[in-house]
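User: I have a chain open and want to talk it through. Can you take me over the main points?

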Amino acid sequence: MTRATVFGAGSWGTAFALVLADAGADVTMWGRRPELCEAINDTHVNPDYLPGVELPPVIRATHDPAEAAHRADLVVLAVPSQSLRANLAEWAPVLPPSSALVSLMKGVELGTAKRMSEVIDDVTDAGPKRIAAVSGPNLAGEIAQRQPAASVVAAESEELAQQIQRACHSPHFRPYTNHDLVGAELGGAVKNVIALGVGIAVGLGFGDNARASVITRGLAETARLGAALGADAYTFSGLAGLGDLVATCMSPLSRNRSFGEKLGRGMTVAEIVAGTRQVAEGVKSCESILDLAGRHGVDMPIVEHVTGVVRGELTPAAMLGSLLSRSAKPERHGH
Ligand SMILES: NC(=O)c1ccc[n+]([C@@H]2O[C@H](COP(=O)([O-])OP(=O)(O)OC[C@H]3O[C@@H](n4cnc5c(N)ncnc54)[C@H](O)[C@@H]3O)[C@@H](O)[C@H]2O)c1
Ligand SMILES: O=P(O)(O)OC[C@H](O)CO
């Protein structure tokens with residue numbers, strides 16, 4: 001039986017713990033707040049992040065990282081991207097030396113412009129045989145209700161990807177392996193920024209043509225960045241690329257799309273953040289993705305314009321006008 005530890009008792013950490021439990025794993029969650037861990041152990045519900053969802057009793061929660069990681073084969077990381085480095089530095093000494101390290105996070109680190117697998121390697125020195133990411137169209141609320149979904153387990157090591165695939169293949173969750181860790185992580189991080197852009201269009205009152213245009217051109221710029229970073233182009237038409245982009249941009253359940261809608265209706269970032277406890281990764285990762293694109297000389301106009309709105313430098317209406325009036329180009333350029 002797989003022994004899995006999930007660090008992060010938010011919505012996706014908890015929903016993925018449920019997937020692992022349904023697939024037959026013994027699961028321990030680490031939570032930041034002891035009272036939330038107690039509530040999970042006593043009631044088998046995560047009242048703050050997945051209220052109303054009954055968790056399998058095999059899932060236990062603790063605030064003690066050493067207890068959480070004890071004898072784990074699989075260490076799953078599900079905290080906000082910008083806090084991963086500091087969190088993992090605390091946990092690294094208690095992680096079993098041969099455990100697989102699996103990122104569920106969809107972001108790029110501010111300042112370093114590193115993907116989450118790179119941050120994990122920086123902190124733990126675990127190397128490519130131990131580091132993987134799971135990414136795909138996986139809205140936590142739907143997964144927690146055991147609605148069907150597919151996903152990608154990306155790792156440079158096929159053996160590792162298969163080990164994780166077996167561990168999370170439940171009756172409702174179908175994981176595919178993919179060797180392209182770079183592409184899978186970029187797909188997951190950039191789609192959050194594109195979803196902000198789609199949300200802004202929705203908030204401005206626009207319909208399906210505008211959404212589809214932002215989604216499609218967003219995919220084009222994600223693929224351009226991927227090409228510059230050595231990703232496999234195929235990944236962007238797969239579950240971790242197009243699949244996640246469509247789910248996130250179309251779903252009112254997406255925190256990033258909802259955040260964008262509020263921006264489009266004229267709210268400020270500070271006002272929106274004050275009204276939620278959940279992370280919308282694109283709000284910070286727009287900056288780090290723009291940084292990454294700049295380092296590689298890649299043009300990412302939607303990311304750039306969304307960043308302008310997030311910074312308060314552009315109004316949503318000015319963003320739209322500026323994007324539409326860019327110089328006319330062939331659809332396929334910069335490849
Ligand atoms: N929710 C989803 O549907 C979903 C699906 C796929 C991927 N993801 C990704 O998973 C990652 C986690 O997202 P989530 O949805 O679980 O977020 P969330 O906001 O629901 O929960 C975040 C968790 O991290 C904890 N946390 C916040 N700040 C922290 C800090 N400084 N140190 C330690 N813990 C901290 C919170 O207490 C909470 O338990 C994100 O990168 C997100 O993009 C989310
Ligand atoms: O709610 P969001 O916007 O963080 O998106 C959730 C997932 O990443 C969808 O796959």
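Analyst: One term to begin with: two residues are in contact if their C-beta atoms, placed from the backbone, lie within 7 Å. Also, this is a predicted model.

User: Fine. What does Val 76 touch, leaving out residues up to four places away in sequence?

Analyst: Val 76 touches Ala 4, Thr 5, Val 6 and Phe 7, and also Phe 16, Val 102 and Leu 104.

User: Which residues have the most contacts inside the largest nonpolar core?

Analyst: Val 75, Val 76, Leu 77, Val 102 and Ala 132 have the most contacts there, in a core of 112 residues. The largest share of this core comes from helix H8 (residues 181–203), with 14 residues. Domain 1 (3–179) and domain 2 (194–324) each give the core at least three residues. As background, nonpolar side chains tend to be buried together in soluble globular proteins.

User: On to the domains. How far apart are the C-alpha centres of domain 1 and domain 2?

Analyst: The centres lie 25 Å apart. The contact between the two takes 21 residues from domain 1 and 22 residues from domain 2.

User: Which strands supply the side of domain 1 that touches domain 2?

Analyst: Strand S7 (149–154) and strand S8 (173–178) each supply at least two residues of that side. The largest share, 4 residues, comes from S7.

User: New topic. What does UniProt list for "active site"?

Analyst: The unreviewed UniProt entry lists Lys 191.

User: Is Lys 191 buried or exposed?

Analyst: Lys 191 counts as buried, because it has 32 C-beta neighbours inside 10 Å and the cut-off for buried is 20 or more.

User: What is Lys 191 in contact with, leaving aside neighbours within four places in sequence?

Analyst: Lys 191 is in contact with Asp 244, Leu 245 and Thr 248.

User: Last one. Which residues does UniProt list for the N-terminal domain?

Analyst: The unreviewed entry lists residues 5–160 as "domain: Glycerol-3-phosphate dehydrogenase NAD-dependent N-terminal". Over residues 5–160 the chain is 33% helix and 20% strand. The end C-alpha atoms of that stretch are 16 Å apart.

Technical notes:
Residues are numbered from 1 along each chain as its sequence is written. Chains are lettered from A and ligands numbered from 1 in the order in which they are written. This is a predicted model: local features need pLDDT of at least 70, side-chain atom pairs count only at pLDDT 80 or more; totals for chains, interfaces and linings use all residues. A nonpolar core is a set of buried Ala, Val, Leu, Ile, Met, Phe, Trp, Tyr and Cys residues joined through C-beta atoms within 7 Å. A residue is buried if 20 or more other C-beta atoms lie within 10 Å of its own, exposed if 12 or fewer, and partly exposed in between; C-beta atoms are placed from the backbone. Domain bounds come from an automatic or database domain assignment. UniProt positions are given in the numbering used here, feature names are shortened, and annotations may be inferred rather than shown by experiment.
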